[in-house]
Amino acid sequence: TYEWTQKHIQSFCNHAKEICLEPHLALRPFHVSEWVESHTTWGANQKRGGIVAVQRPFSWALKMGYIDRNPIVGVEKPKAKRREVYTTPE
């Protein structure tokens with residue numbers, strides 16, 4: 001889980017370098033949306049997971065009192081799609 005989350009957060013920071021170097025208040029929901037949309041091969045579940053990975057640290061920081069507001073709280077996530085193909089034990 002850590003590696004998966006770290007990979008998504010690093011990808012976001014690579015995409016929005018100047019935003020990641022500024023205080024968190026410079027970050028806006030459209031930054032996350034633009035990053036997700038730049039991944040043209042991602043499906044709905046991958047986009048949703050990416051958004052969650054970037055939002056989660058801000059939600060935690062708000063809950064713990066490190067920040068006064070979550071700057072990306074309003075990012076809309078695509079609905080998760082049910083898998084139609086499953087991996088078999090074989």
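Me: Which residues of α3 are buried?
Reply: In this predicted model, the buried residues of α3 (29–38) are His31, Val32, Trp35 and Val36, where buried means under 20% relative accessible area, exposed over 50% and partly exposed in between (1.4 Å probe, protein chains only). Helices are DSSP runs (H or I, at least four residues), numbered from the N terminus.

Me: Where do they fall, seen down the axis of α3?
Reply: They fall within an arc of 130°, so they line one face of the helix; the arc is that of the directions from the helix axis to the C-beta atoms.

Me: And what do they pack against?
Reply: The buried residues of α3 pack against α1 (2–15), α2 (17–21) and α4, with contact meaning heavy atoms within 4.5 Å.

Me: How many residues has the largest nonpolar core?
Reply: This core has 15 residues, and Phe12, Leu27, Val32, Trp35, Val54 and Ile72 have the most contacts inside it; such a core joins buried Ala, Val, Leu, Ile, Met, Phe, Trp, Tyr and Cys residues through side-chain atoms within 4.5 Å. The elements giving two or more residues to it are α3 and α4, and α4 provides the largest share, four residues.

Me: What does Phe12 touch?
Reply: Leaving out residues up to four places away in sequence, Phe12 touches Cys20, Leu27, His31, Val32, Trp35 and Val54.

Me: Changing topic, is Tyr66 buried or exposed?
Reply: Tyr66, in the segment after α4 (44–64), is exposed, with a relative accessible area of 61%.

Me: What should I keep in mind about the model?
Reply: Local features need pLDDT of at least 70 and side-chain atom pairs count only at pLDDT 80 or more, while totals for chains, interfaces and linings use all residues. Residues are numbered from 1 along each chain as its sequence is written, and side-chain values use heavy atoms, with hydrogens and water left out.
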